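Please read them with the structure open.

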2 protein chains.
Amino acid sequence: MSGEAPERPEPARSRSQRRIDALAKLRSQIDLWVASADELGGAYLVPLSYYWDDSTLTIATPRASRTARNLVRAGWARVALGPTRDVVIIEGPLEAIPIGADARLEDAHAQATGFDPRTLAEQYVYLQITPHNIQAWREANELEDRQLMRRGAWLD
Amino acid sequence: MSGEAPERPEPARSRSQRRIDALAKLRSQIDLWVASADELGGAYLVPLSYYWDDSTLTIATPRASRTARNLVRAGWARVALGPTRDVVIIEGPLEAIPIGADARLEDAHAQATGFDPRTLAEQYVYLQITPHNIQAWREANELEDRQLMRRGAWLD
């Protein structure tokens, strides 16, 4: 956003192409950026690994961490896949799933992220995000039409 | 964080090496991730271009944007340079600088980011962040000693 244009900027992608690209990125990447905030409006930001099951994102973080406390309080997450010149930003409600509640999800998360919170001494919680809004853009010429999903519905 | 270990993980870097690497990254990158929150605790996250002058980070964003309103309200920013397996996270107080107040800064920002808010119809504001806390890590083996600067002082 607001960034330097490449020497030969690619033409802006259609919404349907961005949807294809965003889903491919969700399937192929391991980490995303998670923004959260406390009830006083203090913002927080960390990278975390995720599992994407083709309709929801699941992250795991210590139950006592700032991210877990902030997200559970808000019941809503805003996360981003990079890099900054090929972003996918996802917002949606989240559900906290305690360890032991969904073995299939826990196995899939461990497989996707390479770490298994069930094996750790610290108590973790799974946070499952259902995308309601998705945006995707590369350079400034893609800021228009960056909204791919609104209130859970694809726009293309 | 909490991610899959590479096949042959690099040994964890020393704090002094991370300081060198973090400063090199600040000088060589163009974009970062900016987290912010409103007074109700609603988190926001966008990528923005920045200018690094070897002691402060300057970003520019529309004065009416969520990011500008959130950051000016909070007087504090948390930003991150990626990628997610080589992060530098910076927190610190910020100062809002209106357009026209510092021509040298405005020139340097335009040069570094490739866009010049002075030329745009929409009213922008510069936000200058002074690092108070800096963290840097690559893989899980670098989570220890990730704090490089605390309250403005380098720890190495």
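1. Contact here means heavy atoms within 4.5 Å. With that cut-off, and setting aside residues up to four places away in sequence, B:Leu105 touches B:Tyr51, B:Thr58, B:Ile97 and B:Gln128. Keep in mind throughout that this is a predicted model.

2. More on B:Leu105. The residue lies in helix H3 of chain B, residues 103-113. Its relative accessible area is 1%, so B:Leu105 is buried. The C-alpha atoms of B:Leu105 and B:Tyr126 are separated by 9.2 Å, and these two residues are 21 apart along the chain.

3. How the copies are related.

4. The extent of the interface. On chain B, 41 residues are in contact with 41 residues of chain A. The two chains bury about 2900 Å² between them. Of this area, 60% is on carbon and sulfur atoms.

5. A:Arg85 forms a salt bridge with B:Asp31, with 2.5 Å between the closest N and O atoms.

6. What builds the side of chain B that touches chain A? Strand E1 (31-37), strand E2 (43-52), helix H2 (66-74), strand E4 (76-81) and strand E5 (87-98) each supply at least two residues. The largest share, seven residues, comes from E2(B). By type, the residues on this side divide into 22 nonpolar, 10 polar and nine charged.

7. A residue of strand E2. B:Ser49 sits in strand E2 of chain B. B:Ser49 is buried, at 1% relative accessible area. Its side chain makes a polar contact of 2.9 Å with the side chain of B:Asp31.

8. Salt bridges overall. The count over all chains is 29. In one of them, the side chains of A:Arg118 and A:Glu106 meet at 3.5 Å, N to O. A:Arg118 lies in the loop between helix H3 (103-113) and strand E6 (124-129) of chain A, and A:Glu106 in helix H3, so the pair ties together parts that are 12 residues apart in sequence. A:Arg118 is partly exposed at 32%, whereas A:Glu106 is buried at 3% relative accessibility.

9. B:Asp156 and B:Arg19 form a salt bridge, 2.9 Å from N to O. B:Asp156 is in the segment after strand E9 (153-154) and B:Arg19 in helix H1 (residues 15-28), 137 residues apart. Relative accessibility is 43% for B:Asp156, which counts as partly exposed. B:Arg19 is partly exposed too, at 27%.

10. B:Glu139 and B:Arg85: buried or exposed? Both are buried. They form a salt bridge, with the closest N and O atoms 3.0 Å apart. B:Glu139 lies in the loop between strand E7 (133-137) and strand E8 (147-150), and B:Arg85 in the loop between E4 and E5, 54 residues apart. Elsewhere, salt bridges that share partners join B:Arg13, B:Arg18, B:Asp21, B:Lys25, B:Asp86, B:Arg138 and B:Glu142 into one network.

Conventions: Residues are numbered from 1 along each chain as its sequence is written. Chains are lettered from A and ligands numbered from 1 in the order in which they are written. This is a predicted model: local features need pLDDT of at least 70, side-chain atom pairs count only at pLDDT 80 or more; totals for chains, interfaces and linings use all residues. Side-chain values use heavy atoms; hydrogens and water are left out. Buried area is the accessible area (1.4 Å probe) that two parts lose on being put together, summed over both. A salt bridge is a side-chain nitrogen of Lys or Arg within 4 Å of a carboxyl oxygen of Asp or Glu. Helices (H or I, at least four residues) and strands (E, at least two) are DSSP runs, numbered from the N terminus. Ala, Val, Leu, Ile, Met, Phe, Trp, Tyr, Cys and Pro count as nonpolar, Asp, Glu, Lys and Arg as charged, and the others, Gly among them, as polar. Buried means under 20% relative accessible area, exposed over 50%, partly exposed in between (1.4 Å probe, protein chains only). A polar contact is a pair of N or O atoms within 3.5 Å; within protein, one must be able to donate a hydrogen and the other to accept it, and residues adjacent in sequence count only if both atoms are side-chain atoms.
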